[in-house]
Amino acid sequence: MAGTFVTFEGIDGCGKTTQLELLCAALAERGIRAVRLREPGGTAISEKIRALLLDPANMEMRPQAELLLYEASRAQLVTQVIKPALEVGAVVVCDRFFDSTFAYQSGARGLEEDIIRMANELGSCGCTPDATVVFDLDPTVAWERATHNGADRLEAEGLAFQERVRAGYHRAAELEPERLRMIDAAGTREEVFSRLVEALSDVLPQLEGLDVAAFVARQADVERAMADIAQGLGEGA
């Protein structure tokens, strides 16, 4: 396809969503609009499936049912949004894709790898990311971040579960070292973003020459200004 498909992966609380926002902002600054998506979700049907998957009331959900729900959500997203965007040359950036399924349902839930691969092939409708960045972080640090304001169904599985998920990501990176780029997610967001830009240099040449420090500082200024505006609106309500 004409476009570029990049996915972000990692255990809950690893900081990937913050880095995804920075990447999309950096591309926009250079005149490139990225189609930003999340999994599960991204379409009306997929968002309804997401609500089922993350609802803490559904703790009795079995691994096989969980797997099939993820794949159903993914198939809808790929056919309705991702493939059409790639066909017109867009940059698509997705917060999680089928490597999450491998890490969570195989690494953490214990389903057989071959079953996960077959399910992922069906759910992805043959769509494979050009590059996948895995943000690697100590599960203790990540879990504390993720559950600071409460936990969804998966976060509520606990620290040991997140450790197994991390092992699942390491296994996925061993199997496909060219597509999956493991980066250290510890440090400041500027440091992590610098690693991200380097990791994606081959698939997103649009970022060549980006002054990471200056860009992150500009983004911080924008965020402070937006926070001030929001506070002002709140005080005036």
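Me: In β5, which residue is the bridge partner of T132?

Reply: In this predicted model, L180 of β5 is the bridge partner of T132.

Me: What makes β4 and β5 a pair of strands?

Reply: Two strands pair if at least two bridges are found between them. Strand β4, residues 131-136, and β5 share 5 bridges in the parallel sense, and therefore they count as paired.

Me: What is the order of the strands in the open sheet?

Reply: The order is β2-β3-β1-β4-β5, an open sheet of 5 strands with parallel pairing. On average, neighbouring strands of this sheet are turned by 20° against each other, direction ignored.

Me: Why are β2 and β5 called edge strands?

Reply: Strand β2 (34-38) and strand β5 (180-184) each pair on one side only. That is what makes them the edge strands of the sheet.

Me: How many disulfides does the structure hold?

Reply: The structure holds 0 disulfides. For C24, the nearest cysteine sulfur is that of C94, 11 Å away, and C24 is in no disulfide.

Me: How do you know that the sulfur of C127 is too far from the closest cysteine sulfur for a bond?

Reply: A disulfide requires two cysteine sulfur atoms within 2.5 Å. The closest cysteine sulfur to that of C127 lies in C125, at 8.3 Å, so the distance is too far for a bond.

Me: Why is C24 called buried?

Reply: Buried means under 20% relative accessible area. The value for C24 is 14%, and therefore C24 is buried.

Me: Is C127 buried or exposed?

Reply: C127 has a relative accessibility of 5%. Because the cut-off for buried is under 20%, C127 counts as buried.

Definitions and conventions
Residues numbered from 1 in each chain as written. Predicted model: local features only at pLDDT ≥ 70, side-chain atom pairs only at ≥ 80, totals over all residues. Heavy atoms only, no water. Helix = DSSP H or I, 4+ residues; strand = E, 2+ residues; numbered from the N terminus. Axes fitted to C-alpha atoms, helices over the stretch in contact; angles between N-to-C directions. Buried < 20%, exposed > 50% of the residue type's maximum accessible area, 1.4 Å probe, protein only.
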